[in-house]
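Please find below a colleague's note on the structure shown here. The points cover disulfides, nonpolar cores, aromatic pairs and charged side chains.

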Amino acid sequence: MKQLCKMSFLKHLPYHLVFLYIILSSFLFAPGKPATGRASDVLDMGRNITDGDTLVSGGGTFTLGFFSPAGGVPSKRYLGIWFSFSPDAVYWVANGDHPLNDTSGVLVMSNAGSLVLLDSSGGKEVWSSGSTSLPSSGARLLESGNLVVYGQDTGNTALWQSFDHPCNTLLPGMKIGKNLWTGAQWYLLSWRSATDPAPGSYRYVTDTFGGLPENVILDANNTETYRTGPWNGKRFSGVPEMASFADMFTYQLTVSPSEVTYSYAAKPGAPYSRVVVNDAGVVQRLVWDASTRAWKTFFKAPRDDCDGYAKCGAFGLCDSNAGATSPCSCVRGFSPVTPSEWLMREYSGGCRRNVALGCSNRSRTIVNTSDGFEVRRGVKLPDTKDASVDMSVSTLDECRSRCLANCSCMAYAAADIGTGSGCITWTRPFLDLRLVDDGQDFYQRLARSEIVEQGMD
């Protein structure tokens, strides 16, 4: 399941495709002119799509054809799929980093059962969906937006589908994440710019390396710039907005021996929607408002400075509503490692503990009663890459006891807010803690002398 926007390209056609091209070229439509009659949703063997011709999904929602991005170079042509009622909302591009320089492009079904984009002026293959192990009966553009190549004898089994090769957009029914058996990954990849669909600098991925999955934005250096917070059984802990449009969409975080993936589905009657990562590294959930014929932004991230990854360093807390004061502060019982840097609004050095914990340094497993916990309500939970997760823990009290019994445990939280079960424990300095509306409860370990009565656990 390789990333479509990074496929390799051949300089010359294989012999059988050259022959196919010669045969088909006599049947090509005139460049720039659409086919007569109602557009079909099927590309059969022997049929082709030229510039000006299109495939349209059965319900009319999606269109496949050639386009030039709005505001871009008109002569640069791309094969893509877009919302029929919003042509600028292109969700998939075949040849993003290899544009055609004129209207000579043609999409055909090869005799090997693959989709092939040809530059008919030079006789070159620009893009291919790749060979299949079974003979194909053709391709269909579904009402979901998925372009599917079907086998002749496999019923509705897809030999290839565009949903397995996302570009910068996630639609209902698509997924991002990782196949744990093959190592293949699905992720969103930004365009180079708003007018250039070549692969850009930002990826939106489902992080499978931490204690709990979460979605993150990575830049060209593979540096994390934003994280949603871990999945808490209902939503991502740092995206409370998800609850506000839960009447429109259902969210699915799949964790199984075969895959870890995130997807969403539209409920009956829900408006059209898409999740896009743009060339500035911002991810947005856009929803179509039919009354104004415009896309409305239901969510975007990063929202503010506090969404920048690890803005306040280790043991720091970010508050976007701090006003004129610093957005960063140290959690209770901690102070800046380098106060002079904090005065200059440089917080990455983080914080250090003021008073040592009462837990014995000689035995790291002695049950200790001199330490306690302060609850911090309404937060995006810290990064869980170095945290431990045990979903067999049935209550929050049991989670507390586990943390208290481990002198290395610095904090804990419930893994599933719906049932209150599951236990996350942090044994290393925690990062990227911020306040959010309707956030989760986070229990931080403190020496008894640092705990005030209010908020004490």
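Predicted model: local features only at pLDDT ≥ 70, side-chain atom pairs only at ≥ 80, totals over all residues.

1. C399 and C423 are joined by a disulfide, with their sulfur atoms 2.0 Å apart. The link of C399 and C423 is right-handed, with 70° about the S-S bond. C399 belongs to helix α4 and C423 to strand β32 (residues 423-426), so the pair ties together parts that are 24 residues apart in sequence. Both cysteines, C399 and C423, are buried.

2. A second disulfide is formed by C359 and C407, whose sulfur atoms are 1.7 Å apart. Its torsion about the S-S bond is about -65°, so the link of C359 and C407 is left-handed. The pair links distant parts of the chain, 48 residues apart: C359 is in the loop between β28 (351-353) and β29 (371-380), and C407 is in the loop between α4 (396-404) and β31. C359 and C407 are both buried.

3. C312 is joined to C328 by a disulfide with an S to S distance of 2.0 Å. This link of C312 and C328 is left-handed, with -80° about the S-S bond. C312 lies in the loop between β24 (294-301) and β25 (316-318), while C328 lies in strand β26 (residues 328-330), so the pair ties together parts that are 16 residues apart in sequence. Both C312 and C328 are buried.

4. How many disulfides does the structure hold? There are six. With the bonded cysteines of the protein chain numbered in sequence order, the pairing reads 1-3, 2-4, 5-6, 7-10, 8-12, 9-11.

5. The largest nonpolar core has 55 residues, and W92, L115, L147 and Y262 are those with the most contacts inside it. Strand β23 (residues 283-289) gives the most to this core, with four residues. Another core, of 26 residues, lies apart from it; C318, A411, L433 and F442 are among its residues. Leaving aside neighbours within four places in sequence, L115 is in contact with residues including L43, W127, L147 and W160.

6. The aromatic pairs number 28. One of them is edge-to-face and is formed by W92 and W127, at 5.8 Å centre to centre and with 80° between the planes. This pair links distant parts of the chain, 35 residues apart: W92 is in strand β6 (residues 86-93) and W127 in strand β9 (residues 124-128). W92 counts as buried because its relative accessibility is 0%, and W127 counts as buried at 1%.

7. Are the rings of Y412 and Y443 stacked or edge-to-face? The pair is stacked, at 4.7 Å centre to centre and with 5° between the planes. Y412 lies in strand β31 (residues 411-414) and Y443 in strand β34 (residues 440-447), so the pair ties together parts that are 31 residues apart in sequence. Both Y412 and Y443 are buried. Elsewhere, ring pairs link F62, F83, F85, Y91, F163, Y272, W288 and W295 into a cluster.

8. K175 lies over the face of W186, at 4.7 Å from the ring centre. The charged end of R203 sits over the ring of Y187, at 5.5 Å from its centre.

9. D207 is located in strand β17 (residues 196-207) and counts as buried at 8% relative accessibility. The side chain of D207 makes a polar contact of 3.1 Å with the side chain of K385. Leaving aside neighbours within four places in sequence, D207 is in contact with L212, P213, E214, V216, E224 and K385.

Key. Residues numbered from 1 in each chain as written. Heavy atoms only, no water. Core = buried A, V, L, I, M, F, W, Y, C linked by side-chain atoms within 4.5 Å. Buried < 20%, exposed > 50% of the residue type's maximum accessible area, 1.4 Å probe, protein only. Helix = DSSP H or I, 4+ residues; strand = E, 2+ residues; numbered from the N terminus. Contact = heavy atoms within 4.5 Å. Phe/Tyr/Trp six-rings, centres within 6.5 Å; stacked < 30°, edge-to-face > 60°. Lys NZ or Arg CZ within 6 Å of the ring centre and 35° of its normal. Polar contact = N/O pair within 3.5 Å; in protein donor to acceptor, adjacent residues only side chain to side chain. Disulfide = S-S within 2.5 Å.
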